[in-house]
Amino acid sequence: MTTEENLLRKVSVGWTPQVLQAMQELLDGGSKIAITAHRSPDGDAVGSVLGLFHLFAAQGLKASVVLPDRFAAFLDWMPGAASIRFHSEEPEATEEIIGTADVLFCLDYNAPDRAGSLAEVIRTCSAKRIMIDHHRDPDAFAELMVSDPLCGSTCELICDWALSSGCWSDMNLEAAQCLYTGIVTDTGSFRFPSVTGHTHAVIAALLDLGLNHAEVHEATFDDQSLSRVQLHGFALSERLKIWEEAGIGVIALGLNDLERFNYVSGDTEGLVNRILGIRGVQMAIFMRESDPGKVKMSLRSKGMVDVQALASAHFSGGGHTNAAGGVLLGLSLADAKAQVDAVLENWIIEQR
Ligand code: 5GP
Ligand code: MN
């Protein structure tokens, strides 16, 4: 049995023969293709849109990539990143791209709202929408849905598409680098429970193609500004509150803290995982004042602790059991902290 045949046996159940055929029919015949992902795009969002873009390019298909807003600078190195268009920077041109597309890929999000300012055009455009995603409870907004909440990343789902549609031979180094990045970042470097033998088998196949994983790690994780590293140190030593008995850790950073360390977008990425890394901590919460009256929430947990439920019930958000996000609006940071304290006190009582 070839490596490819072996891999094929474990691809996501989302890629049914019907879905594969329907997607192929939409791609055939010179369709105009646009690819989108969620706002504040993370490694999996950027990795999946660019991975698919490179796979299509290898097949002679030209696609336009549109994202709601910019991603953190630590992903700038990704091949093809310079060709991405941003709605926040070119609203009319990017709405025209989506408005005139025949096929619209919606990657790494499960509802139009997750695409921020692009939500309306995604909802109303005449394109056939193909959602490929791994978040729980998807909205039925797309004509074709590949939704697999058991899969650790959208990038793995894209790899599975390449395998199950028979185009794995189109996997070039550019695509491999992008898809690898998304798998690594969304699995916390292969540590989350969502990682399977198949995840590693796909990675092995990417390495066999010549992917230099050490280069990807260095470009993504070991190229941080000094001020970012110092911000993490400050946050952990001066802004961390531990609820020892309950096993909860919370960091809250205000605009003044961020200014002090010359914050740029992406600088606090990974901080929430540092909280989770503390012995005894089962739930980690990171709060960042992004504008006056707006506090972004990032939640992580170990094992059965369900932060998705907490984020959707109290922070207008969602995500996965062990990684979720949300927002608190109309509150100062101090009031937001008080609200989180109250939510946690209730949560602790409920767990008893
Ligand atoms: P992060 O903490 O890295 O921003 O997000 C963690 C997870 O929660 C990601 O899977 C992300 O898609 C999800 N998430 C983050 N923010 C939101 C939000 O505002 N709404 C929903 N539904 N999910 C979110
Ligand atoms: Mn993802």
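1. First, the ground rules. This is a predicted model, so local features need pLDDT of at least 70 and side-chain atom pairs count only at pLDDT 80 or more, while totals for chains, interfaces and linings use all residues. Residues are numbered from 1 along each chain as its sequence is written, with chains lettered from A and ligands numbered from 1 in the order in which they are written.

2. On overall shape, the C-alpha trace of the protein chain spans about 55 × 45 × 40 Å along its principal axes. A compact globule with 352 residues would have a radius of gyration near 20 Å, and the protein chain agrees because its value is 20 Å (taken over C-alpha atoms; the globule rule is 2.2 Å times the number of residues to the power 0.38). You'll find 14 helices and 12 strands, which are DSSP runs numbered from the N terminus (helices: H or I, at least four residues; strands: E, at least two).

3. The protein chain is divided into domain 1 (3-221) and domain 2 (226-351), with bounds from an automatic or database domain assignment. Their centres, taken over C-alpha atoms, are 28 Å apart. Nine residues of domain 1 are in contact with 10 residues of domain 2, contact meaning C-beta atoms, placed from the backbone, within 7 Å.

4. Now look at ligand 1. Both domain 1 and domain 2 give residues to its shell, so ligand 1 lies between them. The shell holds 13 residues, and the closest are Ser 298, Gly 317, Gly 318, Gly 319 and Gly 325 (a residue is near if its C-beta atom, placed from the backbone, lies within 6 Å). Strand 12 gives the largest share, five residues; strand 11 (318-319) and strand 12 (323-329) each supply at least two.

5. Helix 7 (residues 173-186) deserves a look too. Of its 14 residues, 12 are buried, so helix 7 is largely enclosed by the rest of the structure. Buried means 20 or more other C-beta atoms within 10 Å of a residue's own, against 12 or fewer for exposed and in between for partly exposed, with C-beta atoms placed from the backbone. The buried residues include Ala 175, Tyr 180 and Asp 186. Among the elements covering them are helix 3 (43-58) and helix 9 (213-221). Just after helix 7, Gly 188 takes a positive phi of about 55°.

6. Finally, back to the whole protein chain: buried residues make up 43% of its 352 residues.

Key. Two residues are in contact if their C-beta atoms, placed from the backbone, lie within 7 Å.
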